[in-house]
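Open the model in your viewer and keep the selection panel at hand. Each stop below tells you what to select and what is there.

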Amino acid sequence: MTRPPETATPPETLRLPPRRQGWLNTFWILFGVVALGGILVACAVYTAPAVISDWQVQAAAKPAAEARVSDGKCSAKLFIHICDATLALRTPQGTVTRRVNYVFSGLEAGDYRVGVMADPARPDLVTTDLGLDRLWNRTITLLVIAGLTAATIVGALLSMVRARRGAAAA
């Protein structure tokens with residue numbers, strides 16, 4: 001016995017509700033962009049100068065016996081380490097004081113012992129052996145953090161512009 005062919009009914013079109021791109025969504029995107037912009041500024045103001053100056057003195061830096069570390073502390077979040085220290089170096093011209101900020105990645109945990117290093121020709125760029133030992137790590141970590149942050153900012157702004165254009169076209 002054969003069955004008569006079933007008549008195919010056209011499927012109903014399912015429509016998604018319209019995407020609402022209100023001012024509240026725009027506010028939160030812009031708030032995130034400003035917050036991430038603050039991270040980029042912090043990288044440029046606090047972390048990048050120490051990396052650049054360490055590259056300048058890394059070949060000629062020697063231990064500085066007349067130097068001291070004060071206010072030194074490190075903290076770790078997951079695998080990112082942030083170390084801050086104030087370095088003071090006595091020279092014949094006076095005392096050179098410099099605040100350094102190191103951001104590097106790694107799985108190490110525990111305390112860090114540092115020795116103050118300086119290039120005799122450029123004592124104003126006083127640094128530490130910790131900073132010089134992890135110079136490549138610090139450079140790569142800075143570039144990755146800054147690059148990902150900048151890419152996130154650009155992506156958020158592009159998505160906001162595309163959503164606005166889509167809402168205007170609809």
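This is a predicted model: local features need pLDDT of at least 70, side-chain atom pairs count only at pLDDT 80 or more; totals for chains, interfaces and linings use all residues.

Start by selecting L148, which lies in helix α3. L148 counts as exposed because its relative accessibility is 55%. The classes are buried, under 20% relative accessible area, exposed, over 50%, and partly exposed in between, with a 1.4 Å probe and protein chains only.

Residues are numbered from 1 along each chain as its sequence is written, and side-chain values use heavy atoms, with hydrogens and water left out.

**Stop 1: the nonpolar patch**

Together with L148 they make a nonpolar surface patch of about 550 Å². Helix α3, residues 135-169, supplies the largest share, four residues. Patch members have over 30% relative accessible area and no salt bridge; nonpolar side chains (Val, Leu, Ile, Met, Phe, Trp, Tyr) are joined within 5 Å, like charges within 9 Å. A salt bridge is a side-chain nitrogen of Lys or Arg within 4 Å of a carboxyl oxygen of Asp or Glu. Accessible areas come from the Shrake-Rupley method with a 1.4 Å probe, and for residues only the protein chains shown count as cover.

**Stop 2: the whole chain**

Zoom out and colour by secondary structure. The protein chain has three helices and six strands. From the N terminus on, the order is α-β-β-β-β-β-β-α-α. Of the 170 residues in the protein chain, 30% are buried.

**Stop 3: the sheet**

Select β2, β3 and β4. They form an open sheet of three strands in the order β2-β3-β4, paired antiparallel. The edge strands are β2 (67-77) and β4, each pairing on one side only. Neighbouring strands of this sheet are turned by 10° against each other on average, direction ignored. Axes are lines fitted to C-alpha atoms, for helices over the stretch in contact, and angles run from 0 to 180 degrees between N-to-C directions. Two strands pair if DSSP finds at least two bridges between them.

Now take β3 (residues 80-91) with β4 (residues 94-105). They pair in the antiparallel sense over 12 bridges. They form a hairpin with two residues between them. Pick R90: T95 in β4 stands opposite.

T91 is buried, because its relative accessible area is 18%.

**Stop 4**

Show β2 with β3. This pair is antiparallel over nine bridges. Select S75; its bridge partner in β3 is I82. Which residue takes a positive phi in the hairpin of β2 and β3? It is L78, with phi near 60° and two residues between the strands. L78 is not a glycine. L78 sits in the loop between β2 and β3 and is exposed, at a relative accessible area of 84%.

Step back to D71 in strand β2. Its phi is also positive, near 55°, in a residue other than glycine. D71 is exposed, with a relative accessible area of 59%.

**Stop 5: the disulfide**

Select C74 and C83 and show their side chains. They form a disulfide, with the sulfur atoms 2.0 Å apart. The cut-off is a pair of cysteine sulfur atoms within 2.5 Å, and by this rule the count comes to one disulfide. The torsion about the S-S bond of C74 and C83 is about 115°, so the disulfide is right-handed.

Are the two ends buried or exposed? C74 is partly exposed, at 39% relative accessible area. C83 counts as buried, at 3% relative accessibility. From C83, cross to β4: the bridge partner there is Y102.

Finish at another cysteine, C43. C43 is buried, with a relative accessible area of 12%.
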